Amino acid sequence: MDIHRCRFVQYPPQAINSVTFTHSSLPSTSASKKNNTQKHVQVRLAIGRGNGDIEIWNPANGVWHQELVIPGGEDRSVDGLVWVTDPDEEMTDGKIIYGKSRLFSIGYSNTITEWDLEKGRAKKHASGQHGDIWCLGVQPLPNKATVNTSRKLVAGTADGNLVLYSIEDGDLKFEKSLIRAPSKKVKFVSIAFQNRNVVVVGCSNSTICAYDIRNGALVRQMSLGADLSGGPKSIIVWAVKCLPNGDIVSGDSTGQVRIYDGKTYTQAQRIQSHSQDVLSLAIAADGLKIFSGGMDRKTSVFIPVPGQNRRWSKKYHRRYHSHDVKAMASFEGKGMSVLVSGGPDGNPVVMPLRMAGNENHRTLPNLPQAAAVESAPRARFMLSWWGNEVRLWHLPSPAQQILEDASATQNFTSQSLRKNRKLLAKIFVKGESHISSATISEDGTLLVAATSTDIKVFQLDYATGQPLEIKRIEFSASGQGASKVQIAPNKQWISWVEDGSKVMIAKIQPAENGSYTISAPSKLARLRRQISKNLLLGGLGSYNRNITQLAFSPNSKMLAAADLAGYMDTWVLRVPGETPLANGTTTANSDDEASSDDSSSDESSSESADPNTERWTRSPNARLLPKLSAAPVVLSFAPSDDYSLLVVTVAKQVLVFNAFQGVLSEWSRRNTYPKLPERFRITRDVMKGVVWQGERIWLWGVSSLFMLDLSRDLEFAVEESSGKGKKDKSKKRKRTGEGSGAGGKMEGREALGPQVVKKAVHTEEGETKWEEMELDGDDGTSSVAGGSEFEDDEEEIEGGELMKLRQGEEQQQEEEGANGTVAVVEKDKKARWWSTYQFRPILGVVGLGEENEIAVVERPVEVEGGKERYFGEGEWER
């Protein structure tokens, strides 16, 4: 496989301004375990970024899958996020309707926005006659709350207003201004509720105020005094939180964390924990840990002093971020106890909360789960996009040819590589929203870019040595928007996902003037699924039916889609008089449709079209495709078989289906999850895409690249023996080590701190350079996995994992090269699988030219632009 290693594609990281969980904690009582109340509670993490993007992450007990990205727009920013989760409700049949979760945001304006996660766009806006909203809080529920219990949103503004917004009955509207500060110079910066009726506000004038939201009365004003000598006159309270016992915790611009008595509102303690401003705070659910994040890049942990009532001490601090620690949120539930933080460096960091000091942290990628790069292999084009900009690159020469030319001339320089790329065009997509998805045809003549409000189609005409000609094609679906778009390989169809879960399709036809016309779109009906009413009415509703994967078959006669819940739908193209079969042949049209009992009530206009024209209908065996046990992250048809469908899930399952017949392939029946390479199963990387090379697949994540040969079995024949030579007949899956949802457990000297080992590398010029060397188990942002919710005990073949490894010693040899490259090679030197962590972080991997050539697009980890980072005395950039 020839690899183009590309680092010239722009994708600047965006600052994280807010992080928040749907639930701060879940009960772990015996009653909750008995009723399994946590099983279907949809816990999600929302992250708001400086460019207006909102990301929804599923913690999945440590898997951390980015499920949805709601694109931002020009001059937008998400500065604060708040979840409002209703109490649970019991139905007459004893089932539980879990509290419905709603997401609200603010962003340097006087408007509050509610987001529709099912459709992936804004749902409601509300504003009032006040200044920009700087902080937002939600009124907590009483101890005995019902679904009819009213709650308010309370917002603090830049002009010193404290305002109420009503969210009753699913609405969002401005209600009234509760407090108006006597001076317009006073800004309400942070907010937290001490109880249902008392809200605590951190101000910009060295005060913390407690107000009764029932009548707007000032309960108490707490003064922080003057700043340190030589500092500003006023202290800004950037963060405020309340402990379960009512005590108040604040973080301010002096770098101090202060604790106030919740009954007398007097300062009980102050701790100089940071050398610069404290920007964020988080509290453990039991109130026995306080976390603070500051401008000095430190994350500090505080614990109660034994034997001293309401006294706290700093346990330790770490620098997990390369920039300010601007936002924090915690979650504690069954099997999980984590703290998530973020800032200008753009990388969410997951830290253990309950196991702080005993487990490693984990840095999540700032790159999106859905790749922001595509390619036109036949034209050797590479497409990339971010914000409202699309860039089209041309890589004219294969990598092997560049090396051969350099070897012949004995003159290989970096300039040789630069000459092999050409930026053909920058296309700016007008509109208020950023690009959500883009694609290009295999021959590089059609380009489609979609936002949440529009779909733009362009015709490309390029000849070597001539400028690229771009022509806009009129499209009747413009104004609708899409979250994902695809062009069929034969360039005759375009399909997209509308409103999160609607699959649309339209015909592309050549026009007389050399251009193209696109017909009116049709909606494809999805199969009706039997989902419990209590799940649809509560939690996030039908959010799990959002389609994240869309793929055409190589012959362009089948379309497949998969959603977050694990359901798959397939449709076939019916040509008048014939029907496609699994082997690609045709026969008389039997028009065997899916049963009407399984069909959606919203029928497709495509299926009701003229029978004498081409139309898309549900595949007759679509209902035979099983529900996946985890969300799919890769969906792709094999280029050598029109109906062989590859599916990879977030739980590292690799499945191949015959999509027309609705059955598993023989390879998947023989090569189950336990037979996959252990290195693949234990990686924390969530797979993001696939490139085919004949029967081989190249799966990639943000820091890993794996090859699996689907033409060969991965199972081994030698039985595994346990310690005394007896067979291990256990059929239970051996977990790789459970954690609390962050990194793996610390072992041995790891607990002492991070270790860096460097090796000397001698260059051809006679120079010696020092390079950092990776330690065992360290693969950057995606290290060895702990337990996950997908790793339930399952039946396995007799012998377990060691049997396969022992078989590998006898019949195979594991070859390990530089940069973590590992391959299992048989005696004939043909690898069954191969892996490397050499490339990171990976924005995307796309095919070029022939099957044996790919482009790996990497993004450096350095922060681009933004404000300067703080360095204390004696500190410097490494």
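Buried means under 20% relative accessible area. The model is predicted.

Q: What percentage of the 878 residues in the protein chain is buried?
A: A residue counts as buried under 20% relative accessible area. In the protein chain, which has 878 residues, the buried share is 55%.

Q: How many helices and how many strands does the protein chain have?
A: The secondary structure consists of helices and strands. The count for the protein chain is seven helices and 64 strands.

Q: Is Phe 475 buried or exposed?
A: The cut-off for buried is under 20% relative accessible area. Phe 475 has a relative accessible area of 6%, so Phe 475 is buried.

Q: What kind of pair do the rings of Phe 475 and Trp 496 form?
A: Phe 475 lies in the loop between strand 39 and strand 40 and Trp 496 in strand 41, so the pair ties together parts 21 residues apart in sequence. Planes over 60 degrees apart count as edge-to-face. The ring centres are 5.3 Å apart and the planes are at 80°, so the pair is edge-to-face.

Q: Which residue has its charged end over the ring of Tyr 567?
A: A charge sits over a ring only if it is within 6 Å of the ring centre. At 5.6 Å from the centre of the Tyr 567 ring sits the charged end of Lys 627.

Definitions and conventions. Residues numbered from 1 in each chain as written. Predicted model: local features only at pLDDT ≥ 70, side-chain atom pairs only at ≥ 80, totals over all residues. Heavy atoms only, no water. Helix = DSSP H or I, 4+ residues; strand = E, 2+ residues; numbered from the N terminus. Buried < 20%, exposed > 50% of the residue type's maximum accessible area, 1.4 Å probe, protein only. Phe/Tyr/Trp six-rings, centres within 6.5 Å; stacked < 30°, edge-to-face > 60°. Lys NZ or Arg CZ within 6 Å of the ring centre and 35° of its normal.
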